[in-house]
Amino acid sequence: MHDFIERITAYIHWALFLLLETLSGFLLFQYNHYQGSVWFTQANAVAAMVHEWEEVALAYLRLPEENAALVRRNIVLQQQNDLLRHGNLPTSLLRKGDTIASFTLPVNETGEAYSQIEARIIDNSVRKRDNMLVINVGSDDGVAPEMGVVSGTGVVGIVSAVTSHYALVMSVLNSHSSISCRLRGTEYFGYLKWKGGSPLRACMDDVPRHAHIKKGDIVETSGFSAVFPAGIFLGRVAEIKNSSDGLAYELEILLSTDLANLRHVSVINNHSKAELDSLLSQ
Amino acid sequence: MAWALLILLFQVLVLDQVHPWGYGAPLLCPIIIITLPFGTSRSVALLWGFGTGFIADIFAGTSGISSAALTLIAFIQPPLLELMAPRDTEEAFRPSFAVMGRWKYLWFISQLLLIHHLVYFALEGFSYFYIKDIAISMGISYVASLLLILLAEHVRKDEK
């Protein structure tokens, strides 16, 4: 009996090893699904708080770049403003009481304005296969899953889970990300995907071979899904390649947004999305 | 303990934000497991491995990946250290350049770190077949981590 117990205790580390590796495996498969719980991700309360302190401490150091980005964004907004003023969009479409900040985005097909919720990125990664961001707004600020996130220079990602004060955003740089896009000025559309590697390059699949494409063409959101309004900048065509089956083109896209160096973003709140969703599910 | 916390903080706050040429990132956490003292009970070592990995995972959003990799090297560290320890040592010691000799310790670190990186990047790239990208990330991260660990070991030596 004594011998038996001794033998068991001598091998207990094997059992513990297997147990802990199984537990790791469980965490790996259970929580790496971004739709799952937010408890074991960067968006849980403790981790988010630490990241927020870090963000606050470092924000000061990056003020010069921030300033430059704001100026650039200002220019974009001015151009948008100009379009609105001289374009065909009747100003009556704008919702009453909208401030300048919430009216800079175009209106959607159903005639309602998208509004923006300003947010700061408090945690970000670009080195993984499935990158996620954490932003400092949550359900209390009106953020809900499936909302689009954009920066001054283009699309950033889609909200995948929210807590009351934080939201976990699936970055464009995520193998599960697939954003409906089109070539500006044409009707050719496809999906923007990221296949790893450089955080500045993504690809657009399924572009028909009869499409006339040249390097430098602009790729923008198609507006087919209610997540992003049409016409938001994604990037430019950097290279035109044949798809693996040879039936279509695969475009390499140079993304307009440097996700590795991003601080301020906006969450797009499409007021009619719920309506559209219920229509589509009927 | 304080040393481990310092390493973890540095990993989470600084290194997780560093991406040399857009690839990989230096991983300093393994040093906590690599330098577990000679004579540490194997079960205690495993708990250290899993605990360190679990915390690193939560902050980096890589749930399960670090904990799996660090638990594995925590499993291997005690027997490997026993194998490579100087014959004449009886009492517990913390692996270091001073005790084990320069090349032997470097070899000790390199082996454990390599195993850690193989598992870490295999799990991270799981189900994606971009072998080239994964290999580049792993290579860059491996070299960066190794240099950092050597640097950290020198800092620790100077403190004494």
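**View 1. Ser171(A) sits in strand 5 of chain A.** Helices (H or I, at least four residues) and strands (E, at least two) are DSSP runs, numbered from the N terminus. This is a predicted model: local features need pLDDT of at least 70, side-chain atom pairs count only at pLDDT 80 or more, and totals for chains, interfaces and linings use all residues. Residues are numbered from 1 along each chain as its sequence is written, while chains are lettered from A and ligands numbered from 1 in the order in which they are written. Is Ser171(A) buried or exposed? Ser171(A) is buried, because 25 other C-beta atoms lie within 10 Å. A residue is buried if 20 or more other C-beta atoms lie within 10 Å of its own, exposed if 12 or fewer, and partly exposed in between; C-beta atoms are placed from the backbone.

**View 2. Ser171(A) touches residues from other parts of the sequence.** Leaving out residues up to four places away in sequence, its contacts include Asn131(A), Val156(A), Ser177(A) and Leu259(A). Two residues are in contact if their C-beta atoms, placed from the backbone, lie within 7 Å. Ser171(A) and Asn131(A) are 40 residues apart in sequence, yet 5.7 Å apart in space, C-alpha to C-alpha.

**View 3. Strand 2 (residues 130–135) of chain A is mostly covered.** Six of its six residues are buried. Asp130(A), Met132(A) and Val134(A) point one way from strand 2. Asn131(A), Leu133(A) and Ile135(A) point the other way. Strand 2 pairs with strand 5 (residues 167–174) of chain A in the antiparallel sense, over five bridges. Two strands pair if DSSP finds at least two bridges between them. Asp130(A) stands opposite Asn174(A) in strand 5.

**View 4. Strand 12 (residues 264–270) of chain A is largely enclosed by the rest of the structure.** Why is strand 12 largely enclosed? Five of its seven residues are buried. Three bridges join strand 12 to strand 3 (residues 148–151) of chain A, and the two run antiparallel. Val149(A) stands opposite Val267(A) in strand 12.

**View 5. Six strands of chain A form a closed barrel.** The order is 6-7-8-11-10-9, with antiparallel pairing. The twist averages 40 degrees from one strand to the next. Axes are lines fitted to C-alpha atoms, for helices over the stretch in contact, and angles run from 0 to 180 degrees between N-to-C directions. Strand 9 (residues 218–221) and strand 10 (residues 233–242) run antiparallel, joined by three bridges. Ile218(A) has Arg236(A) in strand 10 as its bridge partner.
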